[in-house]
Amino acid sequence: MAECSGIDSNPSSHTMDKSITLPPDEIFRNLENAKRFAIDIGTWELKTFGIIAASDKLYEISVQEEVTARLHFIKFENAYIETCLDFIKDHLVNTETKVIKATGGGAHKFKELIERKLGLKVDKEDEMTCLIKGCNFVLKNIPHEAFVYAKHADSEFRFQTTNPDIFPYLLVNIGSGVSIVKVEAEDKFERIGGSSIGGGTFWGLGALLTKTKRFDELLQLASKGQHTNVDMLVKDIYGGSYGCLGLTGDLIASSFGKSATADKEFSKEDMAKSLLHMISNDIGQLACLYAKLHNLSRVYFGGFFIRGHPVTMHTITYSINFFTKGEVQALFLRHEGYLGAIGAFLKGAEEDNPNQYSWGENYAGSSGLMSVSPDMNPMQRARSGTFDMLEMDRLERQLVNLPLLQDPSSYIPDTVDLTEDALAREYWLYCFEEALDGVVKRAVASQPDMLEAALRAEKFRQKYRHKLQTLRHQPFAYGSLTVRSLLDTREHCLNEFNFPDPYSKIKQRENDVALKYYQKAVKSLEELSWEERQFALVRGVLAGNVFDWGAKAVSDVLESDPEFGFEEAKRQLEDNSGVDIILGVMPFVRELLSRGTEVVLASNSGPALNDVTNGELQILTERIAAMDPVIQAGLRDDRLMLVQSGSSSPCLDLSRLDKVLAMVVRERQTDLVIIEGMGRAIHTNYYAMLSCESLKMAVIKNSWLADRLGGKLFSVVFKYEVPAGKPSQDCETSTPS
Amino acid sequence: VGVKCNIAFPWFGMDIGGTLVKLVYFEPKDITAEEEQEEVENLKSIRRYLTSNTAYGKTGIRDVHLQLQDLTLCGRTGNLHFIRFPTHDLPAFLQMGRNKHFSSLHTTLCATGGGAYKFESDFRTMADLQLHKLDELDCLIRGVLYIDSVVSSGPSECYYFENPTEPDRCVQKPYTLENPYPLLLVNIGSGVSILAVYSENNYKRVTGTSLGGGTFLGLCCLLTGCSTFEEALEMASLGESTRVDKLVRDIYGGDYERFGLPGWAVASSFGNMMSKEKRESVSKEDLARATLVTITNNIGSITRMCALNENIERVVFVGNFLRVNTLSMKLLAYAMDYWSKGQLKALFLRHEGYFGAVGALLELLHPS
C-alpha cells in the first residue's frame, strides 16, 4: 500500500566481500567540488539499494571558462553504505553544505551513521513526494525515459517519444504494497488508491509456498513454471471458452483453483508462476479501474516489484492489455530506481531552482539500462547490480519544442531506430568503432601543449569502445539506439576526458581561410544571372557541407594522403566555392536578406565535431559584416538574428530547442525552415513534418547510407516540403553532385 | 408464476460450477390421489430419496435451513430444496441418475454453469440425459430476483450489517429490495464475476477477478494442509492476520497522515512473511485468516472501484464463498462502508450460492 522498499537483486551478494574498493575514476568524479547531497535508502529489514545524489560544478574549459553543473547518482547495495560514506568523507573537501536530504524506508536507520561519518545533518523527506518529484524530473528531461515492454518483439523495449506535456499521469508504485498516485502538475499529486496485494505478497506468500527465500529466486522459479497446473482456467470449468462473454478458455477463472480440488503435489515453479500471475493481474486490473475512473491514459509502473525484471514487466503489460483491450499501455521507466534520490536531491536544491533548467542524460557517466534477458550471464547482472550510475548535465537554458512541429507528440527526431534495425545497427557500430582511431588522433592533436593529452585520449578510447561493446549487446541501454545517440555518446566521452572541442583549432584555421575567400565568392555570385545564382547558392551550401571532418568517407579521403591538406582539398573542389558556413551558408543568407527576407540563423550552443557554435558564429558574422554591407545592414536592422539552438550535438532534436529560439520563431512568424547537413537533415529530421514550408538539404557522405537510400556516395538530398493543405509542388530530388 | 403449466415432474434446476454443483428441487405437496396413482415408481423413489435425506453419498448435502416451504410455483404448491455436492463427484451423481433410471422420466434437464458445457457429453453417455444449457449470468439474475420476490415469511432473504465499522455494535438487519435497480451483483464462486444490473433483462458483466473462493481454499490447502472449505474457515476464525500482514502502522509507526491511511490498514498482505523469523512464528490459523482477509478485501476494493465507475450505490454479494462465512461478509460490509465514507451499502442474500440453479429451474418452467 504505502511502503516503498528496495531490494537486493544479487543472489550471491550475501557472500560478497563488503570491503570493496570503489573505482575513484568513475564514481563521484569531482567529488571535492560537490555542492549538495541527497540519499535514498531502501527498507531496513532487507538488503536494499541506497542511492546517493550529489551535484558538482564541473571542469573548466580553458577557452570558454564555462562551468557546467552536473548531477551524479550512484546506486549501491546497502551492504556497501559504509564504504560509500567513507569514500565521500575522504574526497569531500570544501562543501558548504551542512545538510543531507534523505528519503526511503531505510533513511532513519542509517541517520546516525550518515551524520557521524559525514558530519552533515540528515534531513528526512517524504518518500512519495520525492518519488513524484523524481518522476516528473526524468519524464521532462530524459528523452526515451519511458518504454513499453514487449517480450516477444524484436526489441523488447519500445521507447516513447518525449511529450513535453507530461501531465496528468498515473504512477503505480509496487513496493511491498501498491500505491496508485495521480499526478496532475509539478506539485500537485494525490494518492487515489492502492492495494495490499503487492511485491510483499509475492515475496511473503511465495516464500511460504516454495520455501524459497529470495525475491529474485522466486522470480526465476516463476519464469520456469506453468500456471495452468495450479490455476483453474475457464476451459477447466467450461471445457472450452465461455463464448458469449468473449472469455477465452485460457483465461484464469480462479487463481490456485486447482490446488483446492486436486489432492496432489504442486511444483515450486508452477506455484510461483501462478502467484506472479495472480498478483500482476490484480494490480493491472486495479490500475485500469483507477485510470478509467480518473480518465487517465498514461500509466507508469515502478517499485521494486518492477525494477527492470522482465517477468514482472511482462505480466503487468499483459494484464493492462487484457483489462483495457489495448487502450492503455503499461509504461515503465529506465531510471525508475533513481526517482526517490532524484526527488530528495531536488528538494534540497530548491533554492537553485533546478526546474528552471533543462537537464540532459550524460551517456558517458551513466550505466544505462541493464539487460533483462534471462539468457544474460547472471554474473553480469549481479555485478552491475552492485553499482549503477546516472549522471545528468545541467543545460544552461530551458529546452522546448520547435513551435512549428506539426504534431509534437508524434515527432521522432531520428530517421532510423537502430534498436529495431539490426543490420543498420551492425553497420553503424562497426563504423564508429573504425573511426575511433581517427578521433583519438584528432583529440591528441587538438591539445599539442598538454603532455598528458595522449593518456587522456587513450582513456577516452577505452571508454567509448566499452560503450560500443555494451550497446552491441544492449542496444536499448540508453533508450533507442540511433546514429545521433552514438555521436552524442562520443561527444560525452570526449568531454569526460577534457576534450570538449577537438576541432576548435581546425575550425579557426578553416574559418580564417574561408573568410579570405568570402568577398571573392560573393562577387562571383553577383555576376551570375538570378537563376544561375540560385543554383550556385544551393551548390555552395551543399559543397560546404561536404567538408565535414567527422564523416568517414571524407576523412578517409583527406587523411589517407597527408599532403592532401585542406587547402588542396578546397582547390580540388574549387568550383564549389566555399566552406560550409562562410562560403556556403552566408552567401545564401545574404541572398535571402537582399530579397527582403528576415533570417534567423540557429547554431549549436556547444561544440560538436567541427560544427560552428553560436559563439563562433557571432564572431564570424561580425567579421563578415565588416566587409559586407548587406550582412551589416541585416544585423543592424535586426533582420538577421543569430540564435543558439540549445544543442551540442551534430544532430538535431527539434523537441529540445532553446526556449529563446522557439520564442523568436514564434514572434517572427517563421514560414520557412531550412535544415542543412547529414546529421540534422538525414540522420535526424528526414521525416520531420513541419507546419510551414521546409527545406532539408545534405550531401550523403556515407556509402552504406547512400546504398540504403538508393543513391551514390556524395549524392544530394534536397527535400522541399509544403504542409498538407498549402498549395505548392512537393519536389524531392536526389542527384549526384 | 400462478399459471399452471404442463411440465412433467420432477422439476430440477442445476448449476455446475468450477467447485460445486448446486441443485434445486421442487417437491410438490399438492399431489392428488389420482396423480399419486399415476406417478411412476421411479419418480416416487427420487422424491423420497431427496426429501428423506439431508446427506447424499459422502459429499452431497441438503441445506435444510434454506428450504422454502409452501411455495407456489407454476400453479403447484410445494417445497423448494437446495442441494449441493462437489463438482468432482459429478460422476457419482450421474451413476446414481443412471441407477434410478432418471432418463425414463425426462428428456431434458436445465443446467447452467460452465459444467453444463464441459460435462454435456458425460450426461448423455453416462446417464442418457439431454442437457438444456443455459447462460449462467442470465440464470443468476433471474434466480436472485425470483427468490427475493417470493420469500415473504421467515428470515428476510436480503440483509445487511448495521454499524459495520463498529465490531461490537455490528448486527445483521433485514433489508427490503424493493425497486432494486441499478444494482451491482457480485458473485463470488471459485472466481468472481461483477455485474451491473439495470433491469431484469438489462445487465452487463463489468469485470471479474480470478481471486475468489477457489483461491482462498486453494491457498489454504497449500499453506495449512486443510482439505475443505469448512476446515479452512474454522482455522481462519481462530487466527490473527496481523501477524502475517504488514500494516501501515508497522511501517509508519501509526497512521500515514499524508495520505489519510489509518495505522490498522493492511499495507502489504503477507508482507511480514518476507522475514524468515516471522514465517517461523506464525500459526496455520494465522495464515488461513490472512488468506481470507486478503481475498475478501481485494474483492471489496475491486467492487468499490466498479461501483464508482458504474455510478451504482447498492452492492449485492452472492456466491458460495459467503456460505457460513460471516467473517468475510462483515469485512465486505466494513470495507464498502469505510472506504466509501458511507456511500456504498453491502447487501447479502440468504440463498447465496443457489441463484443460478434457481434460474435454471425457472427456465424449465417459463422459457424466456
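Cys288 of chain A, Cys288(A), counts as buried, at 10% relative accessibility (buried means under 20% relative accessible area, exposed over 50% and partly exposed in between, with a 1.4 Å probe and protein chains only). This is a predicted model, in which local features need pLDDT of at least 70 and side-chain atom pairs count only at pLDDT 80 or more, while totals for chains, interfaces and linings use all residues. Residues are numbered from 1 along each chain as its sequence is written, chains are lettered from A in the order in which they are written, and side-chain values use heavy atoms, without hydrogens and water.

Let us stay with the cysteines. Over all chains, a search of the whole structure finds zero disulfides, a disulfide being a pair of cysteine sulfur atoms within 2.5 Å. For Cys288(A), the nearest cysteine sulfur belongs to Cys306(B) and is 11 Å away. Cys135(A) is also buried, with a relative accessible area of 0%.

Now look at helix α16 of chain A, residues 504-526, whose axis comes within 11 Å of that of helix α21 of chain A, residues 614-627, and crosses it at roughly 20°. Helices here are DSSP runs (H or I, at least four residues), numbered from the N terminus, and axes are lines fitted to C-alpha atoms over the stretch in contact, with angles running from 0 to 180 degrees between N-to-C directions. The two helices, α16(A) and α21(A), are therefore roughly parallel to each other, a term for angles under 35 degrees.

Ser504(A) is found in helix α16 of chain A and, at 18% relative accessibility, counts as buried.

Terms used. Parallel < 35°, antiparallel > 145°, perpendicular 65-115°, else oblique.
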